[in-house]
Amino acid sequence: MEIEQIKYWLAFNRTSGIGRARFQRLESHFDSMEEAWAASAAELRAAGLDRRAIRAVVDGRRTVDPDAEADRLLRSGVRALTWHDDEYPARLKEIYDLPPLLYIRGTLLPEDARSVAIVGTRNPSHYGRQVAEQIVYDIARAGVTIVSGLARGIDGTAHRVTLDAAQRTIAVLGSGLDNIYPPEHTNLSEQIVDNGALLSEYPLGTNPDPRNFPRRNRIMSGMTLGTLVIEAGGKSGALITARQALEESREVFAVPGSIFSKNSEGTNKLIRKGEAKLVTSYEDVLEELNLTAVERQIEMAALFPEDDDEANLLRYITFDPVHVDEVCRSTGRTAPDVSSTLAMMELKGLVKQVGGMNYVRMREVSGEHSASAV
């Protein structure tokens with residue numbers, strides 16, 4: 001939509017109390033949003049707006065300048081999409097409470113329709129981070145766009161491992177796109193812009209507010225094929241996203257966790273109640289969604305041990321942290337030899353150092369593809 005028209009959408013979007021239903025009423029009654037912005041109180045009443053909404057529009061005209069909104073948008077490098085624009089996510093148009101306007105930095109591509117939302121706790125355990133790193137990485141490598149909320153914890157991990165896999169990721173914010181939250185994810189947000197997009201329904205300048213995040217979650221679940229929950233406590237915000245996905249007739253998946261872990265109360269409950277499908281590998285998600293890997297050339301060396309030295313070391317690396325000294329004792333190899341081999345294996349995504357010279361395995365390896373049985 002041309003900026004001369006979209007500036008009135010921007011103005012209404014900054015006006016308190018004008019959401020989906022009132023946008024629809026204004027569009028149905030007036031020939032354009034420009035005409036609606038200039039309408040009298042009586043005309044707004046004829047369009048179906050109640051007294052409070054009419055007052056909001058009348059007051060808004062005194063403080064909101066459509067031209068200033070357009071200038072601010074252009075200066076920021078942000079674009080705005082209405083629900084009429086082709087670039088607006090097609091699947092998001094299907095939900096009941098779709099946002100009339102989306103602000104975007106980056107690009108949305110047709111292949112982003114093959115997408116999965118990843119949500120979870122802001123304070124993941126080692127198990128939660130490990131699960132996210134392995135399963136999200138593999139989903140992304142299958143050509144599926146990863147959508148999350150840029151929050152601390154599972155969200156941030158999901159975005160990072162997708163970027164590590166050189167695949168596309170989209171972050172949906174609960175603030176204006178010029179107000180990145182949390183601030184420590186500013187650099188991460190710039191990487192996402194280069195490899196996907198930042199999205200928000202909130203006008204530029206909007207501060208992060210706890211009330212915004214449950215609202216933004218419906219966009220994450222609504223624009224994707226399904227939502228995967230990785231670690232969520234009994235009252236986690238991730239469960240709100242799962243509930244919204246169910247209401248939007250989207251698939252919900254959950255990774256089971258220890259019955260003794262507070263972080264797994266929510267995910268285990270989703271599975272127990274039959275609201276989420278149990279996931280132990282990326283294949284569970286792809287098969288349920290009838291997704292197949294796009295045709296990509298993936299070096300086998302990045303997925304499987306290259307030689308007997310790597311295969312032998314991998315025998316002693318489990319999904320629980322193992323110290324490099326223990327690997328040396330088990331294999332009878334020197335520390336420099338083991339360390340250099342593990343460093344190469346980490347680059348290939350076979351293992352990961354989790355601190356203190358402790359390593360974990362990143363994925364199962366089929367014996368027929370490895371240099372020797374593992």
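Residues are numbered from 1 along each chain as its sequence is written. Because the model is predicted, local features need pLDDT of at least 70, side-chain atom pairs count only at pLDDT 80 or more, totals for chains, interfaces and linings use all residues, and side-chain values use heavy atoms, with hydrogens and water left out.

Stop 1: Select 322-323 and 351-353, which are strand 10 and strand 11. Strands here are DSSP runs of E, at least two residues, and helices are runs of H or I, at least four, numbered from the N terminus. Together the three strands make an open sheet in the order 10-12-11, with antiparallel pairing. Strands 10 and 11 are at the edges with a single partner strand each, so one side of each has no neighbour in the sheet. Pairing requires at least two bridges found by DSSP.

**Stop 2: strand 12 and its partners.** Find Gln353; Tyr359 in strand 12 stands opposite. Two bridges join strand 10 to strand 12. Here His323 has Asn358 as its bridge partner.

**Stop 3: the turn.** Four residues separate strands 11 and 12 in their hairpin. Pick Gly355 in the turn: its phi is positive, about 110°.

**Stop 4: Thr241.** Move to helix 11, residues 237-247, and select Thr241. Is Thr241 buried or exposed? Thr241 is buried, at 1% relative accessible area. Buried means under 20%, exposed over 50%, partly exposed in between (1.4 Å probe, protein chains only). Now show its contacts (heavy atoms within 4.5 Å). Beyond neighbours within four places in sequence, Thr241 touches Val119, Asn217, Ser221 and Thr227.
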